[in-house]
Amino acid sequence: MWRFLGTSKVLTSSDVWFLGKCYKLSSEESSSDSDSESGHATFLEDFSSRIWITYRRGFDAISDSKYTSDVNWGCMVRSSQMLVAQALIFHHLGRSWRRPLEKPYNPEYIGILHMFGDSEACAFSIHNLLQAGNSYGLAAGSWVGPYAMCRAWQTLVRTNREQHEVVDGNESFPMALYVVSGDEDGERGGAPVVCIDVAAQLCCDFNKGQSTWSPILLLVPLVLGLDKINPRYIPLLKETFTFPQSLGILGGKPGTSTYIAGVQDDRALYLDPHEVQMAVDIAADNIEADTSSYHCSTVRDLALDLIDPSLAIGFYCRDKDDFDDFCSRATELVDKANGAPLFTVVQSVQPSKQMYNQDDVLGISGDGNINVEDLDASEFVWCRAEISIVQHI
């Protein structure tokens, strides 16, 4: 049974953009009698197929803390898990994949859910994310912002990759990861810069130099205002959902993170991590597992002008052609920004300026020297943009 929470305008007559796909809805049709490609029912099938990750209770204590639940503090972690889970679904199963109604399930689908289980044995668990993000302020019982969350993912993916290379030579995260920034401190604003050369280098590194490109996940932390989002950015945010590469937004009301996966008019459509569920253990090979707690049939909405100005956008590019298409669309979006873009795209890099505050982001030895081997490409280059970069305030 479907439920709709929020404005009565949701899912009535206006088009919905949902993770790069447009659903044309008609006020005359109902979700019970439409099976057309453009109907309510088709959208709802897509919505309910997205991976929904929420507060859990009853899992093993996190690290050396006493926390066996993330209720009231883990919503940003859960929102980020949802976004990355969609990237993995798109990569392994494709954008058109829908959750099947009958078992046995696809092994790739079950394997993805297993990675987000709530134990240290699961690659992308809340336990491992908090450990990876410790230097960015992540800790059990504490709320964290989207910039630090993106950095935690960068660290966890790198650590996970190194461990797998030692053990079996295989990648558990099947794509390069690029956390895009353009300011010395990603939490102070400034338009991030997508550097094509950096993306290419990250892909090459992912492939161990054997080829020039790989699938890539881009995370773009943004600060789009002070106490509230600057209205000039709302149309630009909406348009990112029209990108075929769209993975949605980590965002929500101040202090309350959600996973925003679609837009309709002036409303954001999201999956809410704040429902409390019992921890479940889905084995990687259990294709008969009960996966119902990872899917949601409730469409919630929020006015876009109420979104916290601190957020992060995600994009998944399957190959070089897909990345080129993303860059083309992003450049067109810059042209519509009237001098205040969400982010920009450039080709070249200039190695003369640090992109990030090294003391905050990198491990620096006692003599002040930086271990270059610990840097990824995006942490020691500065992209030279031909257009002016403005503060997002």
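Reader: Is Arg161 buried or exposed?
Author: This is a predicted model, in which local features need pLDDT of at least 70, side-chain atom pairs count only at pLDDT 80 or more, and totals for chains, interfaces and linings use all residues. Residues are numbered from 1 along each chain as its sequence is written, and side-chain values use heavy atoms, with hydrogens and water left out. Buried means under 20% relative accessible area, exposed over 50%, and partly exposed in between (1.4 Å probe, protein chains only). Because the relative accessible area of Arg161 is 17%, the residue is buried.

Reader: Which residue has its backbone oxygen 3.0 Å from a polar atom of the side chain of Arg161?
Author: Arg161 is placed in helix 5, residues 146–167; helices are DSSP runs of H or I with at least four residues, strands are runs of E with at least two, and both are numbered from the N terminus. A polar atom of the Arg161 side chain lies 3.0 Å from the backbone oxygen of Met175.

Reader: How far apart in space are Arg300 and Asp272, C-alpha to C-alpha?
Author: Arg300 belongs to strand 12, residues 298–303, and counts as buried at 15% relative accessibility. In sequence, Arg300 and Asp272 are 28 residues apart, while their C-alpha to C-alpha distance is 7.5 Å.

Reader: How many disulfides does the structure hold?
Author: A disulfide is a pair of cysteine sulfur atoms within 2.5 Å. Cys317 is in no disulfide, as its nearest cysteine sulfur, that of Cys327, is 7.1 Å away. For the structure, the number of disulfides is zero.

Note on methods:
A polar contact is a pair of N or O atoms within 3.5 Å; within protein, one must be able to donate a hydrogen and the other to accept it, and residues adjacent in sequence count only if both atoms are side-chain atoms.
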